[in-house]
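Welcome! Take a moment to look at the picture before reading on.

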Amino acid sequence: MPLLTRRQTILAAIATSLAGRAAFAQPAPAKVRIALDWTPNTNHIGIYVAKAKGFYTAAGLDVEILPFTDTSAGTLVSNGVADFGISSEIEALTQRAGGGDVKMVYGVVQTETARLIFKGGRDDIKSPRDLDGKTYGGFGGTWESALVSAMIRNDGGKGDVKTVTLGTSAYEALDNGSIDFTLEIYTWEGIAAELENRKISRFHYSDYGIPDEQTTVIVSSDAYLSASREHARAFIQATRQGYVYSIDHPDEACDLLISGSNGALMNTELVKASQKALIEGHFLRSEAGVIGTLDPAKADAIGGFLVENGILVDANGVVLKEKPDFSTYYTNELLG
């Protein structure tokens, strides 16, 4: 074999060996699990976008989206079944106060998305005080009773209502008169009702003395954050990138959410109308341009409301009489 050819062969072999070693040295992506709070919807859009666009992969993560179950996402996180979960600010505050290892790490929305609703066109309901003595269709949450009663009292009423637990669609119950009012998530259920041409009237909680809250949040646990801080940081920053992309490219983001839902989402019109409402209503991005940040003042205010109304209990079931340090219930550190 000629000297030049032999040298080329040796160099090629060395290069191949080095390439193989480099490939072998690449770390495997870190497995991260996030549990949903419901079937896929636009509250989850940034997660699906980050997965589909490769933001998680670029961050060195292999993200598994755990489907909704009867066990709350916060409970799954607290028990180590999931690393992150979609939750509500109310649920996160309640679970942590009760001893759960749950900490808020990302604000999906920047302001309240829920509304108190009743059938449109009712002349007997002009404001919350007119709800005294009427029938509320509820979902079994302790926070609901405090919310409804406070809204009525803050409007000059007594706060006395009849409560039934809904066993059917809230909108059907309003239509057939079995209830007088209920609650909805406007940016999903409310948009669906509008597309169905239902006549619905709404009261905003904050217009009647209820502290504003970040309705939907992402939670993790102190245990996971302590053991996997950098993976947690990578996940939250890639997730934020997904939500930013969904705001800047809503149609594409909606298509990615639908395709990633494995058939759970079939109503393209609803998905796109919901995303439009989330963007135009400054839920995903505040008017000041804030995305993902948890607001300390809002956490303290809604937490205080829960304490004042006897909703927060400790791990022994004892009602909290004083506000805990709510700054330990969340962190924005992963965003930076």
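Each helix axis is a line fitted to C-alpha atoms over the stretch in contact, and the angle between two axes runs from 0 to 180 degrees between their N-to-C directions. With that in mind, please remember that this is a predicted model.

**Helix α2 and its partners**

- Helix α2 covers residues 45–52, and its axis comes within 9 Å of the axis of α11, crossing at roughly 85°.
- Angles of 65 to 115 degrees count as roughly perpendicular, and α2 is therefore roughly perpendicular to α11.
- On the α2 side, Ile 45, Tyr 48, Val 49 and Ala 52 take part, and they meet Ala 253, Cys 254, Leu 256, Leu 257 and Gly 260 of α11.
- Sorted by class, the contact of α2 with α11 holds eight nonpolar residues, one polar residue and no charged ones.
- Helix α10 (residues 229–248) is another partner: the axes of α2 and α10 come within 7 Å and cross at roughly 105°.
- That angle makes α2 roughly perpendicular to α10.
- Here Ile 45, Gly 46, Ile 47, Val 49 and Ala 50 of α2 meet Ala 238, Thr 239, Gly 242, Tyr 243, Tyr 245 and Ser 246 of α10.
- The contact of α2 with α10 has seven nonpolar, four polar and no charged residues.

**Helices α11 and α12**

- Helix α11 spans residues 250–260 and helix α12 spans residues 268–280; they pack at an angle of about 130°, with their axes 10 Å apart.
- The two helices, α11 and α12, are therefore oblique to each other.
- The crossing of α11 past α12 is right-handed.
- From α11, the contact uses Pro 250, Asp 251, Cys 254, Asp 255, Leu 257 and Ile 258, while α12 supplies Thr 268, Val 271, Lys 272, Gln 275 and Ile 279.
- By class, the residues where α11 and α12 touch are six nonpolar, two polar and three charged.

**Helix α5**

- The buried residues of α5 are Glu 89, Ile 90, Ala 92, Leu 93, Gln 95, Arg 96 and Ala 97.
- Gly 99 follows α5 and has a positive phi, near 100°.

**Two residues with positive phi**

- Asn 262 is not a glycine, yet its phi is positive, at about 55°.
- Asn 262 sits in the loop between α11 and α12, and its relative accessibility of 75% means that Asn 262 counts as exposed.
- His 282, also a residue other than glycine, has a positive phi near 60°.
- The loop between α12 and α13 holds His 282, which counts as partly exposed because its relative accessibility is 33%.

**Thr 331**

- Is Thr 331 buried or exposed? Thr 331 is buried, with a relative accessible area of 12%.
- In the chain, Thr 331 belongs to the segment after α13 (296–308).
- The side chain of Thr 331 reaches the backbone nitrogen of Glu 333 at 3.0 Å.
- Leaving aside residues up to four places away in sequence, Thr 331 touches Lys 103, Met 104, Val 105, Arg 229 and Leu 294.

Key. Residues are numbered from 1 along each chain as its sequence is written. This is a predicted model: local features need pLDDT of at least 70, side-chain atom pairs count only at pLDDT 80 or more; totals for chains, interfaces and linings use all residues. Side-chain values use heavy atoms; hydrogens and water are left out. Helices (H or I, at least four residues) and strands (E, at least two) are DSSP runs, numbered from the N terminus. Angles under 35 degrees count as roughly parallel, over 145 as roughly antiparallel, 65 to 115 as roughly perpendicular and the rest as oblique. A crossing is left-handed if the near helix is turned anticlockwise from the far one by less than a right angle, and right-handed if clockwise. Contact means heavy atoms within 4.5 Å. Ala, Val, Leu, Ile, Met, Phe, Trp, Tyr, Cys and Pro count as nonpolar, Asp, Glu, Lys and Arg as charged, and the others, Gly among them, as polar. Buried means under 20% relative accessible area, exposed over 50%, partly exposed in between (1.4 Å probe, protein chains only). A polar contact is a pair of N or O atoms within 3.5 Å; within protein, one must be able to donate a hydrogen and the other to accept it, and residues adjacent in sequence count only if both atoms are side-chain atoms.
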